[in-house]
Amino acid sequence: MKEILTRALSGLLYVSLLIASLYWQHALIGLFFVFGLICMAEFKKLINLKSYFPYAVFIVLYLGFAYWKTISNTVKGYEEASQILLVITIFVLLILIKDLFSEKSIPLFESKRFIITTFYLSSGFVFLISIANFEQTFTPLLLLGSFILVWVNDTFAFLVGKNFGKQKLFPSVSPKKTVEGFLGGLFFSCIASYFIAEYTETRSFTIWLILAIIISVFGTIGDLIESKFKRQANVKDSGVIMPGHGGLLDRLDSIIFAAPFIFLFLRLVSYVS
């Protein structure tokens with residue numbers, strides 16, 4: 001009972017901080033900056049990277065794009081820079097997906113550790129902020145809707161998998177995940193997308209439905225990739241900062257991985273509309 005209460009309280013604090021920050025643009029930037037540094041520390045331990053250089057890269061990349069998009073009076077060059085970052089990030093994430101489906105361990109030679117801390121973790125936070133500022137004005141409901149879809153997917157994947165799951169999804173990486181759980185999370189995310197479209201009035205139901213599919217698929221892949229990193233590091237959780245949950249990266253791995261694909265889809269829709 002005490003463990004359940006601790007888990008509930010730490011989860012409530014995390015969600016409350018996130019939702020509260022959505023009311024003020026600078027608060028959201030500040031909160032994700034802190035989240036990013038914590039996740040970087042946890043991820044560096046997972047891949048056994050002792051250098052402090054990834055912190056410097058994250059600070060420059062994250063604050064640079066945040067300032068450029070939200071504070072600077074000019075956005076000249078921003079579109080081009082974000083496109084370059086997006087292309088490189090997607091390429092690196094596709095390599096990680098390939099590594100996930102390989103029976104071998106994820107190769108972690110020195111240069112690759114620096115590449116994935118930059119274009120997996122740092123870029124993920126850059127695109128989270130970019131989603132919240134996708135329009136010319138601060139539009140946090142796009143980001144909130146994305147988080148809600150992640151939470152719905154995770155919750156119902158767990159509930160459906162626990163009660164009806166039989167076919168293992170990826171037993172070599174995450175033995176508890178099931179195909180039934182994944183489909184359950186996807187199904188209820190699609191249902192949630194209707195209510196998000198209705199009550200946020202940010203995008204049409206069709207757009208949110210596609211976003212639900214993107215988030216369920218790539219969020220699950222992101223969770224599995226982090227699980228493979230943890231399995232290679234012989235640890236259960238990425239950290240201990242959230243009692244009952246583990247590390248902050250354990251809570252954000254899905255949305256961090258999905259963020260570039262969400263941003264890519266939104267950009268494609270804006271181009272054709």
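Along its principal axes the C-alpha trace spans about 50 × 45 × 40 Å.

The model is predicted, so local features need pLDDT of at least 70 and side-chain atom pairs count only at pLDDT 80 or more, whereas totals for chains, interfaces and linings use all residues. Residues are numbered from 1 along each chain as its sequence is written, and side-chain values use heavy atoms, with hydrogens and water left out.

The chain holds nine helices and two strands, in the order α-α-α-α-α-α-β-β-α-α-α from the N terminus. Helices (H or I, at least four residues) and strands (E, at least two) are DSSP runs, numbered from the N terminus. Contact means heavy atoms within 4.5 Å. Among contacts between residues at least 6 apart in sequence, 71% join residues at least 24 apart.

Of the 273 residues, 52% count as buried. Buried means under 20% relative accessible area, exposed over 50%, and partly exposed in between (1.4 Å probe, protein chains only). The accessible surface comes to about 13,700 Å², and 68% of this belongs to carbon and sulfur atoms. These areas come from the Shrake-Rupley method with a 1.4 Å probe; for residues, only the protein chains shown count as cover.

Leu149 is in helix H6 (residues 140-164) and counts as buried because its relative accessibility is 0%. Beyond its neighbours within four places in sequence, Leu149 is in contact with Ser189, Ala192, Ser193, Ile196, Trp208, Leu211, Ala212 and Ile215. Phe138 is eleven residues from Leu149 in sequence, and their C-alpha atoms lie 20 Å apart. Phe127, in helix H5 (residues 110-132), is buried at 1% relative accessibility. With neighbours up to four places away set aside, the contacts of Phe127 include Ser82, Leu85, Leu86 and Thr89, as well as Ala259, Pro260 and Phe263. Glu80 is 47 residues from Phe127 along the chain, with 14 Å between the C-alpha atoms.

Not counting residues up to four places away in sequence, Asp99 touches Lys104, Ile106, Pro107, Lys112 and Lys228. Glu226 is in helix H8 (residues 205-233). Glu226 is buried yet has no salt bridge; the nearest side chain of opposite charge, Lys230, is 4.0 Å away. A salt bridge is a side-chain nitrogen of Lys or Arg within 4 Å of a carboxyl oxygen of Asp or Glu. Outside four places in sequence, Glu226 is in contact with Leu46, Ser238, Leu249, Asp250 and Asp253.

Two asparagines in loops remain. Asn48 is in the loop between helix H2 (25-46) and helix H3 (53-71), and its phi is near 55°, a positive value in a residue other than glycine. Asn48 is partly exposed, with a relative accessible area of 46%. Asn234 lies in the loop between H8 and helix H9 (248-272). Asn234 has a positive phi of about 60° although it is not a glycine, and with a relative accessible area of 70% it is exposed.

Terms used: Lys and Arg count as positive and Asp and Glu as negative; His and the chain ends are not counted.
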